[in-house]
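Please examine the structure shown below.

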Amino acid sequence: MITLQGRGVSPGVACAPLVRLGAPVVTSAADPVGADPEHERVRVGEALAAVAADLSARAEEADGEIADILTTTAAMALDPSLLAGAGEHVARGVPTGHAVTLAIEGFCTQLDALGGYMAERVTDLRDVGHRAAAHLAGVPMPGVPAPGHPVVLAARDLAPADTAGLGPDVVALVTEQGGPTSHTAILARSRGLPAVVGCAGIADLAEGTMVLVDGSSGEVRPDPPAECRTAARVLEPEADTPGATADGHRVALLANIGTVDDARAAAATPTEGVGLFRTEFLFLDRRTRPDVAEQTRTYADVLRAFGDRRVVVRTLDAGSDKPVPFLPLGDEENPALGVRGLRTAGRFPDVLDDQLAALAAAAAAAGREVDVMAPMVATAEEAERFADRARAHGLSRVGVMIEVPAAALRAREVMEVVDFVSIGTNDLGQYTMAADRTAGELGDLLDPWQPALLDLVALVGDAGRLRGRPVGVCGEAAADPLLAAVLVGLGVGSLSMAPVSRAAVHARLARHTVADCAHLADLARASRTAAEARRGVEAST
Ligand code: PEP
Ligand code: MG
């Protein structure tokens, strides 16, 4: 049987028979209609309240990111506009369960239109609908199977409640849908489970088929040869030494975090610090702006968790696929090319100043240094304005992200005004290839092995050497072990990734000298396509 290809979003390799998540209750316009619309509306309210209570109870038993996600999903169930929407359908004579489905689908269409992070919340909202429909029909929700032996769980997509209910039997996840920021991806990484998303072909495999899942390459191999099946679960052992090449050249292996819980979990690993603290993740569900005191407490908690390890905090990267409710950016034709990242500071200068003030206060409170950097910088002039403002707040280590091709092309000028740069390969890939990073079907263009992207990274690496400025990478490219070696060869000195990816990157770098890495980088850049680059480098190691 041919190997299926999806997107690897959580590293590790696992081999086990496939099981599927049970199908949800399906509602229809032909279902029986309740006699009293007002009574049916009350039943909808009770069903949504019961769903919220169940999700909140699960949140209490879970911890960290999973608890946060379940709490947010419970809040979705209690959103009054959901009950009002379903009530309108009931009043029009729609069967009760189906009225809930229609109301949910209406909201899903709106979230889909927003794209990115919001679009990936559609699965969570649909899960609320499925749970409410099951409650109304008086049947239990189909749960995650627990057969008592290792299994690979396949599903169309997984909702937070499904993922929270995963028992120890599940050794890997494969979904037909979902992108790198879907909850399947986020939760799999936080649990250290290998996961592949966007694997359309998985729908055609029969339950019980033995599959080998590679959460790094995104390959799902049905009926693998016997020698691949020996281990039900194979993960790289965690290495607690600092990242380095075979000849001892240090490459700091840092963590990407988005919350205080992430910080605490990452701080308990051998990571050398934080290369990207995505502060907007703290605020995605906030309707009002957090004040300086609240931000100070949060940042100080993160800084304290890491003792004297480096922490790079990125200022709010709001807009486009990360809309922040308290920053009204209005409707834009092309939000990814609009007011986002540092550009929002032009419209809302106080938001940036508050954040910089809170960071300076947090560093003082924690008695340590903090590095700060701005997202979506296009010109040296913008970099200089940001650096001046950060320094005016007393922050002394100031950098910018290189995510826009213009900034990569003019990296020498950018580096004259900042202390360090960090390459965001996710956005740099999107803007280099003119391909929306949230569009699954453009995955090939968004492949971080694209030689054009590597050429831009090389320009930045050269500028770093010339100006004596550290260059890091904090996009997903840093988590691909082989590509990590190429990036080091291009002059990158630190790599920041989800902590679960560190062990494999650490092991790969330890196998190559700096000269090997430079050779691999030359090979990759001499290739015509992303696939040739990957294959060529793989073949030569
Ligand atoms: C990137 O663009 O590579 C990056 C790290 O930033 P984000 O994914 O948060 O946009
Ligand atoms: Mg980015």
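## Cavities and ligand site

Helix 12 gives 3 residues to the lining of the largest cavity, the largest share from any element; helices (H or I, at least four residues) and strands (E, at least two) are DSSP runs numbered from the N terminus. The model is predicted, so local features need pLDDT of at least 70 and side-chain atom pairs count only at pLDDT 80 or more, while totals for chains, interfaces and linings use all residues. Residues are numbered from 1 along each chain as its sequence is written, chains are lettered from A and ligands numbered from 1 in the order in which they are written, and side-chain values use heavy atoms, with hydrogens and water left out.

A search of the whole structure finds 3 cavities of 30 Å³ or more. A cavity is a set of points, on a 1 Å grid over the protein atoms alone, where a 1.4 Å probe fits but cannot get out, and its lining residues have an atom within 4 Å of a point. Grid points are joined across faces, edges and corners, and a volume is the space filled by probe spheres set on the points.

The lining of the largest cavity includes Thr 315, Leu 316, Phe 348, Gln 355 and Pro 375. Two or more of the lining residues come from each of helix 11 (344–347) and helix 12 (349–366). For the second largest cavity, 13 residues form the lining, and those nearest its centre are Arg 278, Arg 314, Glu 403, Asn 426 and Arg 437. Strand 11 and helix 16 are the elements that give two or more residues to this second lining.

| Cavity | Volume | Lining residues by class |
|---|---|---|
| Largest cavity | about 80 Å³ | 8 nonpolar, 4 polar, no charged |
| Second largest cavity | about 60 Å³ | 3 nonpolar, 3 polar, 7 charged |

Ligand 1 sits in the second largest cavity, where sitting requires more than half of its atoms to lie within 2 Å of the grid points. Its shell (residues with a heavy atom within 4 Å) holds 14 residues, and Arg 278, Arg 314, Lys 322, Asn 426 and Arg 437 are the closest. By class, the shell has 3 nonpolar, 4 polar and 7 charged residues. Helix 16 supplies 3 residues, the largest share of the shell.

Polar contacts are pairs of N or O atoms within 3.5 Å. In one of them, a side-chain N or O atom of Arg 278 is 2.7 Å from an oxygen atom of ligand 1. Backbone N or O atoms also approach oxygen atoms of ligand 1, at 3.4 Å for Gly 424 and at 3.1 Å for Thr 425.

Terms used:
A polar contact is a pair of N or O atoms within 3.5 Å; within protein, one must be able to donate a hydrogen and the other to accept it, and residues adjacent in sequence count only if both atoms are side-chain atoms. On a 1 Å grid over the protein atoms alone, a cavity is a set of points where a 1.4 Å probe fits but cannot get out, and a pocket is an open set with protein on both sides within 12 Å along at least five of seven lines; lining residues have an atom within 4 Å of a point. Ala, Val, Leu, Ile, Met, Phe, Trp, Tyr, Cys and Pro count as nonpolar, Asp, Glu, Lys and Arg as charged, and the others, Gly among them, as polar.
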